[in-house]
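Trainee: I would like to learn how to read the features of a protein model, one at a time. Please show me the model, then take me through it.

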Amino acid sequence: MRYLSSPLRRLHPNSSIYAKRLTGYVVALVSLTAIHSLRYFDEPQLTIGSRSPQTISAPFTDQVLDPRATEERQNQARSGTPDILQVDMAANQAMRDQLQALLAQIEGLRQQAGVVPFLGLDRLSLLAQLGLRQLTPEAWLALKTQIQTAPGSLNSVTDTLDLAPGIPGELIQAWQAEAREQDPQFRAFRDSLPGELPLLRQIEQAQSRYQEVRLTWDQELDSISPLLLDLTQEEWLVVQQASRRALNRMQAVGLSPGLPAALRLQGIQVQFEDMALPGIVSQENQAAIRTAMTQLLDQVIRPNLLVDRDLTRAQVDLAVGAVQPALIPVEAGQPIVRAGQEITPEIFLILDHYELTQRGINVWGILGVGGLMSIVLILLIPVQQRLYPRLRGRDRMLTLLLVSTVAPLASAFGIQFSSLPAVGLLVSSFFGTGLGVLVVAAQALLLPLVAEASVITWIPLVAGSLVACVGARRLRSREELALLGGGAALTQMVVQGSLSLVLGNGLGWMGIALAGVMGLGWSIIALGASPYLERLFDLVTPVRLLELSNPNRPLLRRLATEAPGTFQHTLFVTTLAERAAQRLNLNAELVRAGTLYHDIGKMLQAQYFIENQMGGPNPHTALNDPYHSAQIIKAHVSDGLKMARQYQLPTALRAFIPEHQGTIRIAYFHHQAQQQADGQPVPEAAFRYDGPIPQTPETGVVMLADACEAALRSMVVKECPEGDVAAEARATVQRIFRSRWEDGQLLDSNLTLADLDIVAEAFLEVWRQSNHERIPYPKAALQGPGSSAETPGIGRVMETMGDKPQPIPSLMRIRS
């Protein structure tokens, strides 16, 4: 369970605190309402749609610009300007490369199928060879069987096999001629035709290759006619050249995006209609070849025209610039509006031009904004109190101050000039990413109240602000903050450019550059203002805490010089406390910085603290007054607070000075006083620190680390088993923790018993790492080259420490 805070303080809160908070909320409501209702402080009373109470005439002759009509004319000019196109050379090259690859693929399949004619034309005509090559094995077997058994009745099988009528006769003649060459005694129509002849094997081999290629063709090139496999080499060369010429012609004409497939196919066919194929191509095949070429080109044709946005924009700008503004002529004394007449947009424009709209304060509009701001505060304040309950009044005031700059800038200069990125960067670096995102989201939603918000400027602004929020709390140097500002500006540029392209407005380099410049400019302003705001509002950011933890800071240098023992004590306590804070997911930077400064008050009377006596006389012995000694010991807290104020340390760091001691009893001098009292009562208050007890987990951890430091440093690895030393260390830490727990010192620290177990393990881990066992060196190895009986070397010095060399304690053993 977690410790409860003081019951009196929780159950009987000071009413003045609530009064201050209520006052703060009222101030916030009034401020937010005022800055978000700027337009209502000078709003015309005569508005569009209302009726005029009286007749109003023009005081003088003038021409009134009609912005809406002018904008309509400009939009008409903009939409009427055709796009300027340019040829995409990359698309042209891609089409040529694809055509070349397709032709090469077809060429490979042609070689695999075998060139035609595969027999001499004196034996079989080209038509016969092509027809026979395309037969399947089943059809070829049926044809051979019919010829061998009944050569006189070939009509039926010819129709079945879809062969030209003359092909079987040519095959029979060639077959018989081959048979006579093999056997001079062979006589046609008397002897049966032999089934095994070179002619037949050649035909069957051609059929096998062709059928294999057709399977591949049907899988990869099914949209192109396989007629291209049947062309002779001369015909195939003609087809390749004609296809390349047709592609070049179509690319030169231009291929627009969005062209329907039917029109694209018709355009390709036109390219081949008037193309005279050489006489080598048979007349009956010319139409089929043109169809195959059309199918071939259709596979590679793609749009190659792009809109030249820069030239088109320039053309549009010229057209828009040439538009004459729409002017409304008004004569002096001419009635603008009559009594009771409804005010139209044109009448309002003329009235406003002559400043006759009776501008004034719109109370109801301001009250409406106030109601909206009330709802926003009602929703946001509980969220803030739940997520960030430790926000002080000055923190809320700073947040309100930062937010108050957003709306007026947006109202005066437009959304794009808003300081929202700077607000996100600062709030997140000061108070955390969650609060930064919350403030940015709320303010972004309220921006349309004060200015016209377009998607192309509002979204990039919010995107850059969110990037600044997410990264701010993780950074640990001013340089990283500057880089984050550049990243936020780059985000604005990228998002604005992407939106411009999506919405069809082109890249719009001027708008993108302006977005980047504004984002970077606000980041620079935030970076420059951050140190001043940190000091003015007493803030501790990770960057400032790291700067304050630098050992070269004047106060830390004084501590190391004037109280070196205290400084070494501080370094070890810092190591213990920081490790425990990391294990508990506390603010480790705050713990480190706070611990470094927690004992700065000791330097004013350093000799009264044992870590600075260096074995010399103890001045408390000479005093022999436990009351006086206790006051000296207690004074290091008040002295430390004075020095912290003198050196302008943040309040969060000053809290570590009194809270690390809490109200614990100075046990040694209290015991001494009891011995000297001879049984008389000793006032315990004189020997207790003034407090307060730790109010945060961070100061509670430092109290425990400060109490355990001396005990742990005194436990070095001895000759006893390591487990015994570890058990002794663990028992010591637990005893100290139990003492602080039972004394009520951790009551308000919000630390639990489970947290204390984690802290103890962290302390013991640091102790083990800093007190590992050393290797004993031989005495001869430790004898220095210049050592003698009169000047002992290190070996002689270590001999005086026992039979075995012992490690020399070092004050610099621990570094933070």
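Mentor: Let us start with exposure: a residue is buried under 20% relative accessible area, exposed over 50%, and partly exposed in between, using a 1.4 Å probe and protein chains only. Keep in mind that this is a predicted model, in which local features need pLDDT of at least 70 and side-chain atom pairs count only at pLDDT 80 or more, while totals for chains, interfaces and linings use all residues. Numbering runs from 1 along each chain as its sequence is written, and side-chain values use heavy atoms, with hydrogens and water left out.

Trainee: What percentage of the residues of the chain count as buried?

Mentor: Of 816 residues, 43% count as buried. For secondary structure, we take DSSP runs numbered from the N terminus, with helices being H or I of at least four residues and strands being E of at least two. The chain has 36 helices and 8 strands on that basis.

Trainee: And how many salt bridges does a search of the whole structure find?

Mentor: The rule asks for a side-chain nitrogen of Lys or Arg within 4 Å of a carboxyl oxygen of Asp or Glu. Across the whole structure, 18 salt bridges turn up. Take Asp 538 and Arg 392, whose closest N and O atoms are 3.4 Å apart. Asp 538 sits in the loop between α22 (509–536) and α23 (542–548), and Arg 392 in the loop between α15 (363–387) and α16 (393–403), so to speak a link between distant parts of the chain, 146 residues apart. Asp 538 is buried at 11% relative accessible area, whereas Arg 392 is partly exposed at 29%.

Trainee: Which parts does the bridge between Arg 583 and Glu 765 tie together?

Mentor: In that salt bridge, the closest N and O atoms of Arg 583 and Glu 765 are 2.9 Å apart. Because Arg 583 belongs to helix α25 (residues 564–583) and Glu 765 to helix α34 (residues 753–770), the pair ties together parts 182 residues apart in sequence. Arg 583 is partly exposed, with 39% relative accessibility, and Glu 765 is partly exposed too, with 23%.

Trainee: Please give me another bridge to read.

Mentor: Look at Lys 634 and Asp 690, whose side chains form a salt bridge at 3.8 Å, N to O. Lys 634 is in helix α28 (residues 626–646) and Asp 690 is in the loop between α31 (667–676) and α32 (697–713), so this pair joins parts 56 residues apart in sequence. Lys 634 is buried at 13% relative accessible area, while Asp 690 is exposed at 69%. Bridges can also share partners: Arg 392, Arg 394, Asp 395 and Asp 538 are joined into one network in this way.

Trainee: Let us turn to aromatic rings. How many aromatic pairs does the count come to?

Mentor: A pair of aromatic rings is described by the distance of the centres and the angle of the planes. Rings of Phe, Tyr and Trp (its six-membered ring) pair if their centres lie within 6.5 Å; planes under 30 degrees apart are stacked, over 60 edge-to-face, and the rest tilted. The count is 4 aromatic pairs. One of them, Tyr 627 with Phe 687, is tilted, at 4.9 Å centre to centre and 50° between the planes. Tyr 627 lies in helix α28 and Phe 687 in the loop between α31 and α32, so the pair connects parts 60 residues apart in sequence. Tyr 627 is partly exposed at 36% relative accessibility, but Phe 687 is buried at 0%. Phe 737 and Phe 763 give an edge-to-face pair, 5.9 Å centre to centre with 75° between the planes. Since Phe 737 is in helix α33 (residues 722–742) and Phe 763 in helix α34, this pair ties together parts 26 residues apart in sequence. Phe 737 and Phe 763 are both buried.

Trainee: Which residues touch the most other members of the largest nonpolar core?

Mentor: In soluble globular proteins, nonpolar side chains tend to be buried together. A nonpolar core is a set of buried Ala, Val, Leu, Ile, Met, Phe, Trp, Tyr and Cys residues joined through side-chain atoms within 4.5 Å. The largest core here has 70 residues, and Tyr 597, Ile 600, Leu 712, Phe 737, Val 759 and Phe 763 touch the most other members. Its largest share, 9 residues, comes from α32. A second, separate core has 49 residues, including Tyr 40, Leu 420, Leu 426 and Val 543.
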